[in-house]
Amino acid sequence: MTRAGLLLAATAVAASAAACSPERDHGVVLWHTYNGAERDTLEELAASWNQAHPDQELTLVAVPYDAFADKLTSAIPNGNGPDLFIYAHDRIGAWAAASLVEPVEFWVDEPIADRYDRNALLPLAYQDSLWGLPLATKSLALFYRTDQVTTPPRTTDELIAMAPDARAHGRFALAYASTELYGHAPWLYGYGGEIFADDGSLHVATAEAAAAAGFARKLVADGVSPAETNGQQVATLFGEGKASMALSGPWFIGDIPAGVPWAVTTLPTVSATGRAAEPFLTAEAVLMSSRARDKEAAFAVMSYLTDDPSAVLRARQARQVVANKAAYDDPDVAADQVLATFRDQLDHTVPMPATPTMRAVWRPYQIALQEILRGGDPGDALRGVEDEVIHGP
Amino acid sequence: MTARRTRPSWLGVAATYAALLVVTAVVLYPVMLVCKKAFEPGRQFALSASPIPREVTLDHFRALMGAHGSHGELLFLRHAMNSALVALATTVVGVILSCTAAYALSRFRFPGRRAGLTTFLVVQMFPASMLLLPLYVLLDKMSLLNSVTGLVMVYATTAIPFCVWTLKGYFDGLPRELEEAARIDGAGPWRIFFTIMLPLARPGIAVTALFSFMTAWNEFIMASTFMTEETRYTLPVLLQSSVGQYSADWGLFAAGAIVTSVPVMALFYVLQRSLVGGLTAGSVKG
Amino acid sequence: MKTPARHRAQLRDWGAATLVALLIASAVFFVHRNREFRAREEGRARAAALAVARGEPPVGRVDLAGVVSPPRASAAYPFLRHRSFVEAGGDGAARELGGPCAPAADKLVYDAAGRFEAEGAFAGFLPDGSGRVVAATPTEGGVAVAVSTPPGGPDAFPWLTLIGVLGLGAALAGAGSVMGGAARPLGLALGASGLAVPTFLWGGALPATLIGLVALGVAWSAGRGGTDRFFGALAAHRTALSFVAPAAVSMAVLVATPFVVGLVLGFYDHDANSWKFVGLDNFAHILSGGGKAFDDPGNFWFVLGVTVLWTVCNVALHVTLGVALALLLRQKWLRGKGVFRMLLILPWAIPNYITALIWKGMFQSEYGAINSLLDLAGLGHGVSWFSSWSTAFTANVVTNTWLGFPFMMVVALGALESIPRDLYEAAEVDGASAWQRFHHITLPHLRPALGPAVVMGSIWTFNMFNVIFLVSRGEPGGSTDILVTNAYRWAFERDEYGMAAAYATIIFLILLLWTVFGTKVTRKEAAP
């Protein structure tokens with residue numbers, strides 16, 4: 001389908017969605033943090049919605065990511081918030097506890113739920129309710145420079161074996177955000193570690209987690225990966241050829257400078273355990289404010305933004321790893337190897353925990369990783385994480 | 001040391017120039033890295049420490065200027081105008097409020113004066129990030145959310161403590177003879193304030209004006225929290241929008257940072273004539 | 001005092017006391033009225049739900065009422081729970097709730113059933129400001145739910161009552177004044193405490209006593225001439241106060257109000273949506289160091305030490321560099337002053353978010369500019385700046401000095417301008433050395449303008465969040481964190497706003513002590 005055809009289809013679906021909602025006088029306001037192609041696509045979708053629904057105008061408001069959560073928590077309880085907003089699923093726990101978000105399972109029946117990849121929908125369920133509809137998923141995968149790497153490693157042993165050659169060329173084999181839990185998570189879960197036990201209690205200081213941290217330390221000590229790297233430096237190292245491979249997500253596509261030959265594949269298996277390295281999965285979703293003025297209309301928009309034609313448009317133009325399954329039947333989307341890889345990776349991911357406690361874990365875990373990478377004892381450092389999460393900084 | 005009519009030894013001159021050049025170089029290096037990023041293609045910072053871009057492009061500036069909202073409006077222009085309006089209004093309101101208060105605190109003796117002075121200082125010691133939510137509720141109750149007035153009032157009051165204290169310092173340093181003379185001539189307190197005190201305190205006013213302007217010009221958290229329509233954002237909000245959760249468009253940010261700092265430099269250029277060299281020794285002696 | 005003036009003073013005092021009383025009474029009225037309204041309407045909805053539960057038609061104005069079935073979880077998606085609904089007063093047929101086209105009103109009863117299963121029978125207003133009330137109560141075969149709309153809003157403000165009470169009070173005060181002697185304060189006290197009666201009815205003994213105390217206080221003060229002196233002072237300092245008023249009022253509203261809220265929150269514990277008063281617990285937890293050793297970066301006293309050191313280093317560097325550059329830029333023979341000045345304020349002009357990150361990049365161990373430079377100069381190789389406390393702290397201080405000195409320079413430039421040049425000429429004639437001139441002329445003249453800048457600068461540095469957050473991020477091990485970054489973490493990583501507010505209050509108290517001490521010192525030295 002051409003882009004014009006897609007927009008037409010989107011408009012047609014948008015029009016049919018209206019069939020069940022009566023005439024309204026107030027529109028739907030949606031807050032998002034998108035920029036670049038994602039923003040342009042969202043605006044296109046909004047425009048075609050508005051064409052079909054002059055009486056339910058969809059207004060988009062871009063809010064900087066850094067201010068988004070604060071703005072939301074200030075605005076919604078005071079009745080100034082949006083009707084809908086787009087955000088990753090990992091804050092759902094806190095927002096549900098504070099009654100900022102509206103559960104939506106009321107409007108969702110099996111045919112709607114079937115539209116989405118299960119991996120993308122399940123993270124949006126929290127405490128027996130569904131809190132949004134998934135737009136796209138984000139997770140890490142293995143990017144590699146095709147001018148430096150011919151066959152990407154399938155196991156961590158293969159990965160480590162590539163280091164001496166890379167070193168000889170004055171570069172690192174792999175760059176990843178080694179000091180951040182988000183970057184470290186693939187090893188953590190690949191070694192069988194966890195953050196929360198099945199009953200939801202904190203379970204950080206385990207032998208498996210210590211082994212994973214030990215592995216991360218070995219990567220740095222053996223010169224496989226550079227020390228003290230954050231996400232931003234990963235992009236620079238990879239772009240300038242100082243790292244042959246990088247762990248990063250879909251956003252990385254825009255970060256790679258033009259002219260760099262690259263490809264992406266799924267993460268390797270952890271040789272010590274035989275398990276796949278499993279990165280965090282975040283589901284980016286449209287969520288409804290508990291104070292949405294017209295909830296029926298708001299849900300119609302949610303459904304519209306996540307339906308098949310919209311998803312195809314988002315996958316093609318913004319290269320989102322869309323959660324809608326039917327979108328991948330579109331020949332253009334199906335031909336996109338990058339999206340296909342990220343979709344394959346989905347089967348080996350761990351949804352980022354949505355419980356409010358998780359937010360208190362990031363920072364102590366980061367401190368612990370830094371300590372471990374500098375040679376600290378993994379067991380002690382991880383016990384320190386538990387201590388800080390429970391007792392506070 | 002400064003009023004000599006003769007030049008000091010060549011050693012002193014050379015040392016002064018050397019010191020200034022070294023400091024300026026250190027100051028400029030990070031700025032040049034920002035410039036480099038603004039003109040170099042790509043979103044990420046380069047590894048190389050050289051401040052010279054390898055390749056020059058205006059893409060980031062084009063993207064910045066060309067950013068448009070959902071109705072096709074040019075966001076950059078809108079936001080720049082909002083910023084200018086908010087910052088200039090903040091400067092005017094902030095300077096007026098602080099000048100009057102500082103004058104009274106400097107020249108009149110009234111009960112509560114010292115307590116007032118301390119209060120001006122004390123209330124801003126509470127970390128600002130903790131006050132965001134109460135302030136939001138307050139502005140909401142006063143219907144000042146999503147309005148330029150609300151933002152200007154918040155910024156102006158943020159700037160007041162420093163401005164009041166600084167201006168009070170300047171007023172304290174001014175001789176009282178001129179006022180006494182004017183009073184004997186029958187001038188009222190407001191007239192004395194406007195015609196005598198304000199012109200004399202020009203360097204102080206220049207400092208506080210610059211400060212008030214900066215308070216409003218580079219602020220981003222409150223501007224993005226209190227404004228609920230995208231067309232009412234200010235420039236820093238537009239810049240911050242290029243920073244996402246996982247990745248940021250640093251090229252765009254750098255270009256925006258350069259553009260944002262130009263008006264500040266221009267204002268400083270205008271103000272520096274008041275800031276330095278505005279007074280002669282005689283006029284102060286009175 | 002002349003008689004009419006005396007009566008006027010009596011009425012004036014009565015007016016002042018009544019104004020305070022009126023504020024208290026109004027606040028109490030609104031609290032009382034809302035509570036009453038809430039209880040009444042929740043009761044009405046509950047009654048409707050109970051009627052539905054008994055199988056009777058619901059009483060009162062009800063939008064929607066009926067019985068919701070227990071949930072049937074979808075096989076494929078356990079979080080999709082289907083429910084059916086039998087509307088009260090309908091044909092008794094059950095209909096499915098929910099689905100993509102379901103009306104919004106149905107969702108209220110659907111959610112009410114869910115809430116009932118989680119927390120039992122309840123009645124409460126919807127949070128959407130529509131004024132509707134939802135109640136749920138158990139019944140056979142599910143949950144009886146009623147959604148009701150109040151017939152009207154809460155009671156109106158009782159203007160008539162208040163006018164009556166105020167008129168009576170004014171009359172009493174006036175009568176007291178006419179009678180004179182002991183009747184004068186008695187009339188004032190009685191007249192001003194009239195509002196205590198309706199307040200007692202609305203809010204009980206506590207606010208009523210408060211109003212009585214205000215009235216007694218004013219009457220006592222009036223008897224001793226206190227109110228005369230107060231109002232006399234107001235009149236005498238009319239000009240001064242009118243100069244201060246605009247700034248004072250805007251500060252009181254926009255700065256002091258949120259500030260007081262912040263102070264109060266420190267005594268509460270925040271969990272999800274509820275606030276619980278916990279007294280001094282938060283403070284005790286913080287000040288005890290959370291049970292950690294003194295050299296642990298998690299201990300409050302350790303962080304305080306780092307914060308103080310951070311502030312002292314920065315402010316000292318800002319001032320030294322700023323004043324030194326301002327002095328250099330003042331040389332008459334210097335060429336390109338304007339250009340130097342413009343270039344030197346650049347760090348202040350550019351948004352510090354990006355420059356702080358540039359500095360962070362410059363300190364990067366493998367490719368950073370600073371290590372390249374050190375390498376070039378043979379001073380060291382591959383320094384890992386953020387792996388030891390002293391280097392990480394240095395990196396923070398260097399960045400913040402770079403960001404902060406232009407401000408001090410501008411202040412110093414302005415302050416230097418107010419020094420009459422003939423003072424220097426005179427000093428030179430007297431044969432004073434450069435140091436003597438600096439010490440005896442420049443420094444004393446810089447102090448009045450630089451003093452406040454130093455005090456302010458230290459307050460800002462003490463609370464400087466961005467640099468720490470963007471440059472060292474607390475590395476290594478949180479040891480370069482300062483108090484305000486800790487407060488931030490309590491608030492925005494853990495949602496424990498009470499704890500964060502307590503932190504902020506402690507920061508405030510420390511700064512307050514410092515300023516009271518600091519300004520005393522500057523004042524003493526500034527005195528000729």
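This is a predicted model: local features need pLDDT of at least 70, side-chain atom pairs count only at pLDDT 80 or more; totals for chains, interfaces and linings use all residues.
1. A definition to start with: two residues count as in contact if their C-beta atoms, placed from the backbone, lie within 7 Å. Among the contacts in chain C with a separation of 6 or more, 61% are between residues 24 or more positions apart.

2. Staying with chain C, its secondary structure comes to 20 helices and 10 strands. Its radius of gyration is 34 Å, whereas the globule rule gives 24 Å for 528 residues, so chain C is more spread out than a compact globule. The box filled by its C-alpha atoms, taken along the principal axes, is roughly 105 × 90 × 45 Å. As for burial, 44% of the 528 residues of chain C count as buried.

3. Domain 1 covers 53–148 and domain 2 covers 314–486. Between the C-alpha centres of these two domains of chain C there are 65 Å.

4. Now for the interface of chain C with chain B. Here 86 residues of chain C meet 84 residues of chain B. On the chain C side, helix α8 (residues 238–265) gives the largest share, 18 residues. Sorted by class, that side of chain C has 63 nonpolar, 15 polar and eight charged residues.

5. The buried set is Tyr65(A), Ala67(A), Phe68(A), Lys71(A), Leu72(A), Thr73(A), Ser74(A) and Ala75(A). These buried residues pack against β3 of chain A, and also against α5 (132–141) and α10 (221–226) of chain B.

6. Strand β13 (residues 280–288) of chain A is my next stop: nine of its nine residues are buried. In a regular strand the side chains alternate between the two faces of the sheet. In β13(A), Phe280(A), Thr282(A), Glu284(A), Val286(A) and Met288(A) point one way, while Leu281(A), Ala283(A), Ala285(A) and Leu287(A) point the other way, and all are buried. Note that Glu284(A) is among these buried residues.

7. Which strands does β13(A) pair with? Strand β3 (residues 84–88) of chain A runs antiparallel to β13(A), with five bridges; Leu84(A) has Met288(A) as its bridge partner there. Strand β6 (residues 132–138) of chain A is also antiparallel to β13(A), this time over six bridges, and Gly132(A) is bridged to Leu287(A). Strand β14 (residues 350–351) of chain A, by contrast, is parallel to β13(A) and joined by two bridges. In that pairing, Phe280(A) has Val350(A) as its bridge partner.

8. On the domains of chain A: domain 1 is 3–138 + 281–350, and domain 2 is 141–278 + 361–391. Their C-alpha centres lie 31 Å apart. The contact between them takes 12 residues from domain 1 of chain A and 12 residues from domain 2 of chain A. Helix α16 (residues 337–346) of chain A gives the most to the domain 1 side, with five residues. That side divides into four nonpolar, five polar and three charged residues.

9. Last, the nonpolar cores. The largest has 346 residues, and those with the most contacts inside it are Val301(A), Leu210(B), Val145(C), Ala412(C) and Ala487(C). Helix α15 (residues 389–417) of chain C supplies the largest share of this core, 16 residues. Leaving aside residues up to four places away in sequence, Val301(A) touches Val28(A), Trp49(A), Leu58(A) and Leu84(A). Leu84(A) is the residue already met as the bridge partner of Met288(A). A second, separate core has 23 residues, including Phe29(C), Ala173(C), Trp202(C) and Ala222(C).

Conventions. Residues are numbered from 1 along each chain as its sequence is written. Chains are lettered from A and ligands numbered from 1 in the order in which they are written. Domain bounds come from an automatic or database domain assignment. Helices (H or I, at least four residues) and strands (E, at least two) are DSSP runs, numbered from the N terminus. Ala, Val, Leu, Ile, Met, Phe, Trp, Tyr, Cys and Pro count as nonpolar, Asp, Glu, Lys and Arg as charged, and the others, Gly among them, as polar. A residue is buried if 20 or more other C-beta atoms lie within 10 Å of its own, exposed if 12 or fewer, and partly exposed in between; C-beta atoms are placed from the backbone. Two strands pair if DSSP finds at least two bridges between them. The radius of gyration is taken over C-alpha atoms; the globule rule is 2.2 Å times the number of residues to the power 0.38. A nonpolar core is a set of buried Ala, Val, Leu, Ile, Met, Phe, Trp, Tyr and Cys residues joined through C-beta atoms within 7 Å.
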